[in-house]
Amino acid sequence: MDTDAPHGPRAGEVIDGFRLEERAHQGGMAHLWYVTRVDGHDPMPLIMKVPRLKGGSDPTTIVGFEVEQMIMPTLSGVHVPKFVAKGDVTRQPYIVMERVGGPSLKPRLDVAPIPVEEVVEIGWKVATALHDLHRQHVVHLDVKPSNILFRRHADGAAGDAVLIDYGLSRHDHLPDLLDEEFELPMGTGPYMSPEQVRGIRNDPRSDLFALGVMLYHLTTGQRPFGAPETVRGLRQRLFIDPVPPRAIRRDCPPWLQEIILRCIEVQADRRHETAAQLAFDLQHPDQVALTERAERTARGSAMRRTKRWLAAIGVEPKVEINAAEQAVRSPILLAAIDITGAEPALLDAVRHTVQRLLQTEPGARLACLAVMRTNRIAMDDLTDADGGSKHLNMLVQLKHWARPVVKALDLQRDGRSGRVTFHVLEAPDAATAIVDYARKNQVDHVVMGARSSGALRRYLGSVSAQVVAESECTVTVVRAPTPGE
Amino acid sequence: MKLALITDLHANREAVTAVMEHARDRGIDRHVFLGDFVGYGADPGWVVDLVRDCVAQGAIAVMGNHDAAVVRGTQPTMIPEARLVVEWTRARLDAAQIAFLASLPMSATEGDCLFVHANAWAPAAWGYIVGRGEAARSLYATDAHVTFCGHVHEPRLYHLSGVGKCGDFVPVPGMPIPLSAQRRWLVIPGSAGQPRDGNPAACYATYDTDGGTLTYHRVPYDLETTGAKIRAAGLPQRLAERLDDGH
């Protein structure tokens, strides 16, 4: 069938109750139409995607559209366009979905390099969207600027990232129609991860590689691996280190180079474990553990190229991971510590619980958080009587609290650094601050102490009860052991 | 219409009861039984009566190799354990029950669906679909959009694309899978009465013919009672044990 043929859809035509108003875009693979419901009940602006299928000459397009029709209805949340309807390929194939108003990332790439702050904001927004997708059992596998849109707030500011085009994606719980179907690697040349080049389609960290390529490009104005069009060209990324971003752009901070080069590591195991951990690093530059990557000033020596090559030949197909498992296996644990108010016994109990949880999750990351309560109205005096900073003092206490866990589990050993981070927030309300922090950083599990019973609790209410009630993640509330009577 | 695809019941009353209740709670319109109602388990009469009652109310049922063996005598290819149970089973069914088994068709079609116990290329020869090769052979032997088979006890989903590439998939229970119109599908729900994929819960599948959506299910059941009945009947001990370990 050929939707460009005279019998293809035209403006004004009605398909299954949707009127085609205007052609929005003509791409290589599909036409996009602005559509409205004939019955007038449009809860949101809609767009219809109609594949350009030309007489079976392009099986990737056909299967890709089949894959997208299968996966899109399973997705939900702000980071995907809302699915509305689909049309049978044997009749008139289409997908009707929410029209996301905002722009794609592509125009920003065209003007790269862009300011570092904007690179970072784009990075954590896209990483947040990817984590949400991975938690829904889907690896995107075609992350690139034109497939990333940003919702637009009422004031015109860019909002959440939205991932579109699921034609190459893989859902852990649905048949992979593209596996075995085609001999050539599938993806978009500049962004394809080394494992995708080798035909591996089940590793969510492939999407982190693609994001790393975009961050590199936004930072430097150049592509780390060019835009190869042959398999031979694609395979070069297995052997050749990209030029470090700081060699191209002097004001690229070392921590950003660390993050970008980690994303585009040839071995997925050396990248961030999850998109959430990448988003976390992008939001806490001062906590990024710097390695040799941050210091590089030139493309790899012969020695490092050999290492990259050796790492590449060690990349054997692995099938033990799937998207959601990987996202669950490397959780972010938040220890919310009332460092100045809690009894020592409770602090010990919380620490023991945290240690037990970390022992069972080798890929986990620990964020230690204390909240410094600030007055709602007046500006607080943030220096204590001796002129020292209250903030710094709390940070020191927090690190001291965590020290036994860090030592016991060797959390700051080389190569594992960055597994533990420390944060002191200033906020009028501790519970709200903890809940907001957990949501913004995709925390999987909050551990905190219960306030002992007493008059204070009756007056103030319980911070832990509010966190339990309002958090989207698991919350463990620890009590100190009661002394024997 | 919402179909429940139930196969390889193998005289397991507890498993079949659990599956029927599970399917009822999901608003099933019609049952399809893909054969092997008897063999291995201690309740052949009860299971045959249940299937017969369902067929009287419009259900579809096809013949399996264990059912054929009870009717016509065992084949030399049947394993000794199974052969022993076939003889034991025949002695416990009355004439009407055996006549019902004898009346079962080898296959049935409904709309663009084919129902057959073993495969579509030679249903009466009982060849197993153990991989993509056999799946493709079966899919090429029919025009049906979806083929539903039993015989193999592990749940699987095979698909054949327009360009002749065959893929396979180990289904995840409870996840609705849209069976797209542009490829053909072979569905093995897995055994209700004797699962063998390491998970002892009973297998079956539901298929919504309107939306073209397939869902595999696993239903835990009282396998201790089933095992005790097998032991009490003097059937091979191993038949009880394998229900417990799911192999």
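Author: Two strands are taken to pair if DSSP finds at least two bridges between them. The model discussed here is predicted.

Reader: Over how many bridges do E12(A) and strand E13 of chain A pair?

Author: Strand E13 of chain A covers residues 420-427, and its pairing with E12(A) is in the parallel sense. Within this pair, Cys368(A) stands opposite Phe422(A) in E13(A). With at least two bridges needed for a pair, the number found between E12(A) and E13(A) is 8.

Reader: Why is strand E12 of chain A described as largely enclosed by the rest of the structure?

Author: A residue counts as buried if 20 or more other C-beta atoms lie within 10 Å of its own. Strand E12 of chain A, residues 365-373, is largely enclosed by the rest of the structure because the buried residues among its 9 number 7.

Reader: Which strands stand at the edges of the open sheet of chain B?

Author: The sheet is built of 6 strands with mixed pairing, in the order E3-E2-E1-E11-E12-E9 of chain B. A strand with a single partner has one side left without a neighbour in the sheet, and in chain B this is so for the strands of residues 60-61 and 177-178, which are E3 and E9.

Reader: What angle does the direction of helix H1 of chain B make with that of E11(B)?

Author: Strand E1 (residues 2-6) and strand E11 (residues 202-208) of chain B pair in the antiparallel sense over 4 bridges, with Lys2(B) opposite Asp208(B). Helix H1 of chain B, residues 13-25, packs on the sheet and touches E1, E11 and strand E12 of chain B. The direction of H1 makes with that of E11(B) an angle of about 25°.

Reader: What is the radius of gyration of chain B?

Author: Chain B holds 8 helices and 12 strands, and its C-alpha trace spans about 50 × 35 × 35 Å along the principal axes. For 247 residues the globule rule gives 18 Å, and the value for chain B is close to this, so the chain is as compact as a globular protein of that length, with a radius of gyration of 17 Å.

Reader: How many residues of chain B are in contact with chain A?

Author: On the side of chain A, 17 residues take part, and these divide into 8 nonpolar, 4 polar and 5 charged. On the side of chain B, the number of residues in contact is 15.

Note on methods
Residues are numbered from 1 along each chain as its sequence is written. Chains are lettered from A and ligands numbered from 1 in the order in which they are written. This is a predicted model: local features need pLDDT of at least 70, side-chain atom pairs count only at pLDDT 80 or more; totals for chains, interfaces and linings use all residues. Helices (H or I, at least four residues) and strands (E, at least two) are DSSP runs, numbered from the N terminus. Two residues are in contact if their C-beta atoms, placed from the backbone, lie within 7 Å. Axes are lines fitted to C-alpha atoms, for helices over the stretch in contact, and angles run from 0 to 180 degrees between N-to-C directions. The radius of gyration is taken over C-alpha atoms; the globule rule is 2.2 Å times the number of residues to the power 0.38. Ala, Val, Leu, Ile, Met, Phe, Trp, Tyr, Cys and Pro count as nonpolar, Asp, Glu, Lys and Arg as charged, and the others, Gly among them, as polar. A residue is buried if 20 or more other C-beta atoms lie within 10 Å of its own, exposed if 12 or fewer, and partly exposed in between; C-beta atoms are placed from the backbone.
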